[in-house]
Amino acid sequence: MKITAIEAICLAIPMKPLDPPSPWTAATRKQIIVRVRTDAGLTGVGEAFAYGAPLAVCNVIEESLAPLLIGQDPLRIEYLADLMHRGTMIYGRRGLAMFAISGVDIALWDLLGKALNAPVHALLGGATRPTLPVYASLMRYDSPKDVAGACKGFVAQGFTMLKLHQTDVASVRAAREAVGPDVALMLDVNCPWTPAEAINMARALEPYRLFWFEEPVWPPEDYTGLAEVARATDTPIALGENESTLFGFREIVERRAGDILQPSITKVGGITEFKKIAALAQAANLPIAPHSFYFGPGLAATLHVAATWGGAMPVEFPTGQHETSFLARPIQAVDGYVEVPSGPGLGVEINEQAIRRFPYAASGAKPFVLH
Ligand SMILES: [Mg+2]
């Protein structure tokens, strides 16, 4: 079998309105699907991280990666991953080019599973459980009142773990008062503060018993600063969604920069790199709670990998829904759990109608800025 074509497809699918509304819904419109086609008629699908400049990610796939891989045997994934890493070394160890590699790598694993008629988790050693615990990852809301309303809504849907994306104490207090003592609350602030500011916030938040406090320090790779915060608070510090590759995570582990690792499968280098990071985390005795604010092949790939380890950390599950799902059968959470897909490869199928209907075009709109 040989690779005949690699396509990167950028979509912009409107989100259904949220109640209460969130200023973040516009950013989750963008999606990148990757397809690896072969001369055997099999096609693998993957997903690349799409915030920021999705057309640039698609260009790396089509201009830099496709020429390396076309004509190659798609089942030699380690070899092909090595080709892609070396081929983009000068500009690609983190960020847009690594998102591109991740998307292609995930598609290669889907293809391998389809070729062997086995789910990806079986190729990785087998699932330890048929379902995985997930947490509802809330978007950011404009007020503590809206946060409380959103939390009540997701608890009513059966979630027992919720993650907020607020940056103020009042919102966390409102969330805790809304859900009571038995729902796990996490807080992700997306890297705003100095280590000293982060330590003050961690202490101010201690009464609300956060299950974890995520990425409190600017910049995200200040692992010395994050380690200071982790030492100064009893609340576990979670980090890593902006890091890439096994070697990036080696830095986090060696510096003991936090308590919970959050590699993101569409950013770190795909399934091939993620499984190496998982082994590193195991050797360091640090749990992984995967970053996966994804709706499609990226979420499926995360579930396949997470199913192979025995730990109890939940997988991130996005809130909000696209107007039309780009999966033929969207992945659903029921009472805080998601079924591990069981079909060949990733076990998901792309909704071709959504691909035709929602092509992305650069809009010139103001870029999405977190804080
Ligand atoms: Mg995060």
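Reader: What covers the buried residues of helix H8?

Author: In this predicted model, the cover over the buried residues of H8 includes helix H7 (195-205), strand E8 (237-239) and helix H9 (245-254).

Reader: Which residues of helix H8 are the buried ones?

Author: Helix H8 spans residues 223-232, and its buried residues are Tyr-223, Gly-225, Leu-226, Ala-227, Val-229 and Ala-230. To be called buried, a residue must have under 20% relative accessible area.

Reader: Why is Ala-278 called buried?

Author: The relative accessible area of Ala-278 is 16%. The limit for buried is under 20%, so Ala-278 with its 16% is buried.

Reader: Where is Ala-278, and what is it in contact with?

Author: Ala-278 belongs to helix H10, residues 270-284. With neighbours within four places in sequence left aside, Ala-278 is in contact with Ile-288 and Trp-309. Contact here requires heavy atoms within 4.5 Å. As for Pro-263, it is 15 residues from Ala-278 in sequence, and the C-alpha atoms of the two are 8.7 Å apart in space.

Reader: Is Ser-137 buried or exposed?

Author: Ser-137, in strand E4 (residues 131-137), has a relative accessibility of 0%. Buried means under 20% and exposed means over 50%, so Ser-137 at 0% counts as buried.

Reader: What makes the pair Ser-137 and Glu-316 a polar contact?

Author: The side chains of Ser-137 and Glu-316 make this contact at 2.6 Å. The cut-off is a pair of N or O atoms within 3.5 Å, one able to donate a hydrogen and the other to accept it. The pair of Ser-137 and Glu-316, at 2.6 Å, is therefore called a polar contact.

Reader: Which residues does Ser-137 touch, not counting those up to four places away in sequence?

Author: Ser-137 touches Lys-163, His-165, Phe-293, Glu-316, Phe-317, Pro-318 and Thr-319.

Reader: What about Gln-31: why is it called buried?

Author: Gln-31, found in strand E2, has a relative accessible area of 6%. With the limit set at under 20%, the 6% of Gln-31 makes it buried.

Reader: Which side chain makes a polar contact with the side chain of Gln-31?

Author: That of His-322, at 3.4 Å. The cut-off for such a pair is 3.5 Å. His-322 is also one of the residues in contact with Gln-31 once neighbours within four places in sequence are left aside; the others are Ile-9, Cys-10, Leu-11, Glu-47, Ala-50, Phe-295 and Phe-326.

Reader: How is the chain divided into domains?

Author: It is divided into domain 1 (3-117) and domain 2 (122-350). The contact between them takes 42 residues from domain 1 and 48 residues from domain 2. Taken over C-alpha atoms, the centres of domain 1 and domain 2 are separated by 22 Å.

Reader: How do you know that the largest cavity lies between the domains?

Author: Domain 1 and domain 2 both give residues to the lining of the largest cavity, so it lies between them. The lining consists of Thr-28, Lys-30, Gln-31, Ile-32, Glu-47, Ala-48, Phe-49, Ala-50, Tyr-51, Phe-293, Tyr-294 and Phe-295. Strand E2 (30-38) and strand E3 (43-48) are the elements that give two or more residues, and E2 gives the most, with three.

Reader: What kinds of residue line the largest cavity, and what is its volume?

Author: Eight of the lining residues are nonpolar, two polar and two charged. The volume of the largest cavity is about 80 Å³.

Reader: How many cavities of 30 Å³ or more does the structure hold?

Author: Two. The second largest cavity has a volume of about 50 Å³ and is lined by Arg-129, Leu-132, Pro-133, Ala-306, Trp-309, Gly-311, Met-313 and Val-315. This lining divides into six nonpolar residues, one polar and one charged. Gly counts as polar and Arg as charged.

Reader: What makes up the lining of the second largest pocket?

Author: Its residues divide into 17 nonpolar, 10 polar and four charged. The volume of this pocket is about 600 Å³. Among its 31 lining residues, Phe-317, Pro-318, Thr-319, Gly-320 and Gln-321 are the closest to the centre. Helix H5 (144-156) and strand E10 (315-318) each supply at least two residues, and the largest share, four residues, comes from H5. Domain 1 and domain 2 each provide at least three residues of the lining.

Notes. Residues are numbered from 1 along each chain as its sequence is written. This is a predicted model: local features need pLDDT of at least 70, side-chain atom pairs count only at pLDDT 80 or more; totals for chains, interfaces and linings use all residues. Side-chain values use heavy atoms; hydrogens and water are left out. On a 1 Å grid over the protein atoms alone, a cavity is a set of points where a 1.4 Å probe fits but cannot get out, and a pocket is an open set with protein on both sides within 12 Å along at least five of seven lines; lining residues have an atom within 4 Å of a point. Grid points are joined across faces, edges and corners, and a volume is the space filled by probe spheres set on the points. Domain bounds come from an automatic or database domain assignment. Buried means under 20% relative accessible area, exposed over 50%, partly exposed in between (1.4 Å probe, protein chains only).
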